[in-house]
Amino acid sequence: MPISAKTLMTATLLATTLTACSIANHNVQRGESVSTTIGNIDVNNNKTAGSLSTVNGNVSLAVNASAQQIEVVNGNIKLAELSEAQSLETINGNIDIGEKAKIKGNISTINGNIDIQQQTQVSGSIITTSGSINIAKETVISGDITVNKTDHWLSKFDNDKPELIIADKVKLAGNIHLYQAVKLKFADSNLYKKVIHHYQNKI
């Protein structure tokens, strides 16, 4: 499912309900939740955070750091190796996940790429609309992979199609749902059997 209007409103209005809210950069140390309109949010090595939200800024988790849900409207999410999060969601931004990270829920973006390093565990699904997905070897995904429909006219041209790249020894429990044309590059040919096309003129 694409990011809903309700979620977008939540990302912009969350400042009224979370522990911390300001227009500034934040360094989270002791499990607090943070929401900001303009500014970056960082969680240091081995530290924990609650829910993290920014409208214009980036969110990053250092090595072995953890957070609950992370939501960004205009900005990127970056997780270092061994980090953990409940869920990751961007509107306009990339999601970069380091080795051996653990995501307990979904990973989703509308306009942005998703890059997952090796031996990561994703308990939910991976969802995008206009971005490419690159999944490194030995990653485990318990849900589906979905590329939603885009109305962007450039997507009709081959060079502008998103890519779905899956390396060797990736375990995908669910299926691959495509609502638009996507360039597929799978190291394991068996994954092509999991592809479900939800659009016409499949080329």
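This report describes the fold, strand pairing, side-chain pairs and local confidence of a predicted protein model.

## Basis and confidence

Residues are numbered from 1 along each chain as its sequence is written, and side-chain values use heavy atoms, with hydrogens and water left out. The model is predicted: local features need a pLDDT of at least 70 and side-chain atom pairs count only at pLDDT 80 or more, whereas totals for chains, interfaces and linings use all residues.

The pLDDT, the predictor's confidence in each residue on a scale from 0 to 100, averages 88 over the protein chain, and 84% of the residues score at least 70. Over residues 5–21 the pLDDT stays under 50. For that segment the model has 24 contacts beyond four places in sequence, a contact being heavy atoms within 4.5 Å. Where pLDDT is low, the predicted coordinates should not be read in detail.

## Overall composition

The protein chain has 1 helix and 23 strands. Both are DSSP runs numbered from the N terminus: helices are H or I with at least four residues, and strands are E with at least two. Of the 203 residues in the protein chain, 45% are buried; buried means under 20% relative accessible area, exposed means over 50%, and partly exposed lies in between (1.4 Å probe, protein chains only).

The protein chain exposes about 10100 Å², of which carbon and sulfur atoms supply 47%. Accessible areas come from the Shrake-Rupley method with a 1.4 Å probe, and for residues only the protein chains shown count as cover. Among the contacts with a separation of 6 or more, 17% are between residues 24 or more positions apart.

## Parallel strand pairing

Two strands are taken to pair if DSSP finds at least two bridges between them. Strand 5 (residues 52–56) is mostly covered, with 4 of its 5 residues buried. Strand 5 pairs in the parallel sense with strand 3 (residues 34–38) over 4 bridges, and Thr36 has Thr54 as its bridge partner in strand 5. Strand 5 also pairs in the parallel sense with strand 7 (residues 66–74), again over 4 bridges; here Ser53 stands opposite Glu71.

Strand 7 is joined in turn to strand 9 (residues 84–92) by 7 bridges, the two running parallel, and Val72 stands opposite Thr90 in strand 9. Strand 9 has a parallel pairing of 2 bridges with strand 11 (residues 102–103), in which the partner of Glu84 is Lys102. A parallel pairing of 4 bridges links strand 9 to strand 12 (residues 107–111), where Ser108 lies opposite Glu89. In a regular strand the side chains alternate between the two faces of the sheet.

## Side-chain pairs

A search of the whole structure finds 1 aromatic pair. The pair consists of Phe186 and Tyr192 and is tilted, at 4.6 Å centre to centre and 45 degrees between the planes. Rings of Phe, Tyr and Trp (its six-membered ring) pair if their centres lie within 6.5 Å; planes under 30 degrees apart count as stacked, over 60 as edge-to-face and the rest as tilted. Phe186 is buried at 10% relative accessibility, whereas Tyr192 is partly exposed at 39%.

There is 1 salt bridge, defined as a side-chain nitrogen of Lys or Arg within 4 Å of a carboxyl oxygen of Asp or Glu. Glu163 forms this bridge with Lys185, and the closest N and O atoms are 3.2 Å apart. The pair links distant parts of the chain, with Glu163 in strand 19 (residues 163–166) and Lys185 in strand 22 (residues 183–186), 22 residues apart. Glu163 is partly exposed at 22% relative accessible area, and Lys185 is partly exposed at 44%.

## Loop residues

Thr129 lies in the loop between strand 15 (126–128) and strand 16 (133–135) and is buried, with a relative accessible area of 9%. Beyond its neighbours within four places in sequence, Thr129 contacts several residues, including Thr109, Ile110, Val147 and Gln180.

Lys169, in the loop between strand 19 and strand 20 (171–172), is exposed at 55% relative accessible area. Its C-alpha atom is 4.8 Å from that of Glu138, although the two are 31 residues apart in sequence. Glu138 belongs to the loop between strand 16 and strand 17 (140–141) and is partly exposed at 29% relative accessibility. The C-alpha atoms of Glu138 and Gln118, 20 residues apart along the chain, are separated by 5.7 Å. Not counting residues up to four places away in sequence, Glu138 touches Gln119, Thr120, Asp168, Lys169 and Val170.
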